[in-house]
Amino acid sequence: MPQPLGVVLIFSSWNFPFTLALDPLIGAISAGNTVLLKPSDLAPACISFLVETIPKYLDNKAIKVVAGGADIGERLLQLKWDKIFYTGSPRVGRLVMAAAAKHLTPVTLELGGKCPAIVDTLSTTPSKAKVTAKRIVGGKWGPCNGQACIAIDYLLVEEKLASALIELLKKTIKRFYGENIKSLKSISRIVNEHQFQRLVNLLKDPNVADSIVYGGSVDEEKLVIEPTILLDPPLDSEIMSEEIFGPLLPIITLKNIEESINFINSKSNPLVIYAFTEDETFKKRILSETSSGTVTFNDSMVQFLCDSLPFGGVGQSGFGRYHGKYSFDTFSHEKSILHRGFYPEIEPRYPPWTDFKLLFIKLAYEFDYFGLILLLLWFKRS
Amino acid sequence: MLMENKAENKAVFDAESANEVVKELRDSFVTGKTKSYRWRVTQLKAMLKMLDENEPQIVAALRDDLSKPEFESSLYEIQIVNNLCRLALKEMNHWMMPEKAKTSLTTFPSSAEIVSEPLGVVLVISAWNYPFLSLDPVVGAISAGNAIVLKPSEMAPASSSLLAKLVADYLDSSCIKVVEGAVPETSALLEQKWDKILYTGNGRVARIVMAAAAKHLTPVVLELGGKSPVIVVSDINLKVATRRIIAGKWGCNNGQACVSPDYIITTKDYATKLVDSFKCELERFYGKDPLESKDLSRIVNSDHFDRLSKLIDEEKVSSKIVHGGQRNEKNLQIAPTILLDVPVNSLIMKEEIFGPLLPIITVDKVEQSFDLIHSSGGKPLAAYLFTNNKKLKRKFVETVSAGGLVVNDTAVHLAIHSLPFGGVGESGMGSYHGKFSFDAFSHKKAVLYRGFAGDAFLRYPPYTPGKLTLLQALLSGSIVGIIRALLGWFWA
């Protein structure tokens with residue numbers, strides 16, 4: 001029997017301020033909990049809206065929103081909650097879990113990682129190649145300009161197909177978002193100065209800068225970085241070891257696309273692995289030889305819309321899951337209930353214990369009815 | 001001199017040794033060995049053989065550590081693990097299969113499934129009261145395809161070393177290891193990065209385990225305890241109820257079990273009858289002098305003996321003993337002891353007893369017992385109710401929050417494979433047993449298959465109001481909405 005856990009705390013992130021706040025909130029409410037929502041202070045207009053509007057529509061005694069920064073977050077973490085749901089970075093995820101440990105509060109951590117996209121469909125048909133490119137572009141710069149936990153972080157493609165891929169991507173980017181940084185449209189900006197600098201710094205390394213094959217322009221005043229593609233930046237550079245969370249797309253080339261499995265396994269488990277391929281054997285290998293929260297074949301992002309699939313990470317990309325009924329479950333305690341009658345009574349259960357009783361119960365456990373009969377008829381002895 | 005030091009260093013299990021163990025297991029895991037169905041089957045069969053061929057030794061070890069009666073060792077340790085292995089062998093194929101998931105219009109055309117994969121290298125830290133039952137989560141971890149370190153409790157040393165020997169002899173040492181030791185060894189293990197930790201024990205250490213796990217973002221299952229209450233209503237078959245409470249209390253390691261009834265709540269007018277029934281049945285089970293009975297475990301060690309003695313020696317509590325109270329410090333024995341109406345703020349009513357002491361608290365009306373349970377602070381691992389009254393049963397099931405509830409019996413829910421076994425709040429998080437063990441040690445990977453047909457141009461920029469309306473309609477799954485949007489689109 002599912003039962004609400006009680007009073008739950010939800011931390012939501014700034015990149016999808018409404019979805020990431022209200023999605024778990026819906027789960028918590030449907031499971032019957034009271035909720036405190038603490039949205040990220042990096043999206044101030046959205047927070048103000050949530051703080052003002054939620055009390056107008058929802059039960060203010062049971063559902064509250066609190067605005068504030070890291071200090072408020074820290075203070076909240078010192079209190080005892082029945083569950084904490086956190087969406088954000090692994091660094092803060094550790095702090096949340098450590099604080100929860102003091103009260104033995106269960107947590108769900110929705111983190112991130114470097115979500116790779118394996119591209120193996122460029123040499124199928126031109127239309128499939130085009131769709132692949134569209135889905136990649138849509139999956140990289142579509143979600144908050146790459147600032148999403150499930151955004152494509154980098155691509156893996158066979159070296160002989162790299163230039164074809166880059167051309168397709170360039171065409172698609174121009175069509176979707178504009179010819180250059182001045183005419184950029186239909187795309188988010190970088191959330192703040194700090195993130196902007198972080199991303200710009202990823203490109204500072206001369207070897208990384210040299211690998212830019214498209215884009216690279218930035219506008220500090222408007223906090224805009226245009227869609228940027230890099231070809232084979234050094235594997236030990238920061239852009240290839242940290243989660244990018246921005247509009248920079250490295251393409252890593254391989255001699256053989258099957259090598260992508262080892263490449264992905266050399267990094268920590270991502271939230272999603274995207275694989276554009278029609279090779280059924282390769283699909284099976286990807287499924288069984290890699291580990292990630294989710295695997296999506298031949299598309300990007302849409303798994304988020306599939307309510308019957310649990311959404312969550314594994315390893316460094318987090319633990320716990322939600323969406324659909326999983327949200328309800330995540331905020332519930334599944335209480336087991338056993339009803340017994342008073343009859344029949346199994347006497348051998350009780351002391352004083354004898355060999356006979358021991359044998360009886362053993363046989364009963366194994367449903368060895370024949371043995372039981374023999375025992376009762378004195379034909380069987382221990 | 002140098003040789004001696006070397007030997008000494010070898011015996012110390014420190015962070016470096018722990019790191020080496022984890023590395024070895026991770027290397028084994030990466031080869032894919034533990035993922036294979038055949039490996040899992042081989043290990044489970046080997047475990048069955050291990051239990052079967054060593055039952056006398058296991059019983060002897062448990063007798064050394066806990067004076068555990070053979071009946072309990074055979075049934076509550078060996079037989080349970082045996083059954084779990086059999087269940088896993090029978091069902092594993094089915095558990096390992098991907099589970100189809102429904103897809104809707106929003107991702108059409110697509111198909112979805114959920115694939116179970118092992119988490120990797122897992123750590124199982126077990127408790128001293130049921131040392132061989134620590135194989136319970138190990139069975140789950142094996143069936144899910146993981147590499148495992150088992151750290152048995154040092155407070156049951158004979159069992160710990162027998163486990164270490166048997167596991168090394170029967171199971172695949174490159175993937176399943178036992179690490180013995182106490183606090184230093186456990187700390188060394190906890191510094192490492194695990195893919196899951198399952199800890200059985202108390203709340204204090206559980207906090208340490210979870211804090212250590214937090215450093216590596218390792219998910220945990222914590223199987224703790226609590227004060228499991230028993231509500232006894234006057235409308236029942238008293239003899240059967242009493243026996244079942246005794247079986248769950250003193251019949252389970254002499255009250256030293258996480259699901260043992262901790263205290264009883266009953267109505268004032270029923271208390272005397274209940275106490276008399278207990279006296280009668282306790283004598284029938286354990287004889288006039290329970291300290292002579294072979295069917296009772298002893299207290300595990302002198303620390304716990306002193307702790308329990310303190311509980312009954314407390315002023316205002318010692319006078320409430322209505323049965324039992326006999327002790328033998330040398331043999332670490334405490335007889336089944338019943339107390340009536342101890343003060344609610346006494347130590348025996350604040351801490352989990354984990355021993356052969358059973359306080360009975362009386363209330364005027366049965367309904368007050370629910371308030372008493374709520375106010376006792378901390379949700380217990382189990383809660384029990386004895387009644388034939390349907391309304392009370394419903395109220396109990398709906399309002400009492402605990403890991404698991406049993407009506408008209410005690411402790412037996414552990415044997416039901418289809419019930420998840422775990423706590424809530426202070427009694428723990430996560431659950432296992434049966435398929436829940438398999439799930440606890442698996443990652444349920446979501447998989448979405450999409451095709452190339454019918455790419456929805458609607459989702460791509462340039463974004464227009466028309467696209468937005470149509471997409472919103474599609475996402476909402478409303479056919480009417482979709483038609484309206486389409487019409488709006490074409491007529492725009």
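A polar contact here is a pair of N or O atoms within 3.5 Å; within protein, one atom must be able to donate a hydrogen and the other to accept it, and residues adjacent in sequence count only if both atoms are side-chain atoms. By that rule, seven residue pairs, both at pLDDT 80 or more, join domain 1 of chain B to domain 2 of chain B.

This is a predicted model: local features need pLDDT of at least 70, side-chain atom pairs count only at pLDDT 80 or more, and totals for chains, interfaces and linings use all residues. Residues are numbered from 1 along each chain as its sequence is written, chains are lettered from A in the order written, and side-chain values use heavy atoms, without hydrogens and water.

**Stop 1: the two domains of chain B**

Select 15-225 + 434-444 of chain B for domain 1, then 229-422 for domain 2. These bounds come from an automatic or database domain assignment. The C-alpha centres of the two domains lie 30 Å apart. Contact (heavy atoms within 4.5 Å) takes 22 residues from domain 1 and 26 residues from domain 2.

Buried area is the accessible area (1.4 Å probe) that two parts lose on being put together, summed over both. Between these domains it is about 1800 Å², with 55% from carbon and sulfur atoms. Now show B:Trp128, B:Gly225 and B:Phe436. In domain 1 they lose the most area to domain 2, together 26% of what that side buries.

Look for salt bridges (a side-chain nitrogen of Lys or Arg within 4 Å of a carboxyl oxygen of Asp or Glu). Across this interface the rule finds zero.

**Stop 2: chain A against chain B**

Show both chains. Here 86 residues of chain A are in contact with 96 residues of chain B. The chains bury about 7500 Å² between them, 61% of it on carbon and sulfur atoms. Pick A:Leu104, A:Phe342 and A:Trp353: in chain A they lose the most area to chain B, together 12% of what that side buries.

Seven salt bridges link chain A and chain B. Zoom in on A:Arg340 and B:Asp409, whose side chains meet in a salt bridge at 2.7 Å, N to O.

Next, colour the helices (H or I, at least four residues) and strands (E, at least two), which are DSSP runs numbered from the N terminus. Elements that each supply at least two residues of the chain A side include α4 (90-101), β15 (294-297) and α13 (355-365). α4(A) gives the most, with seven residues.
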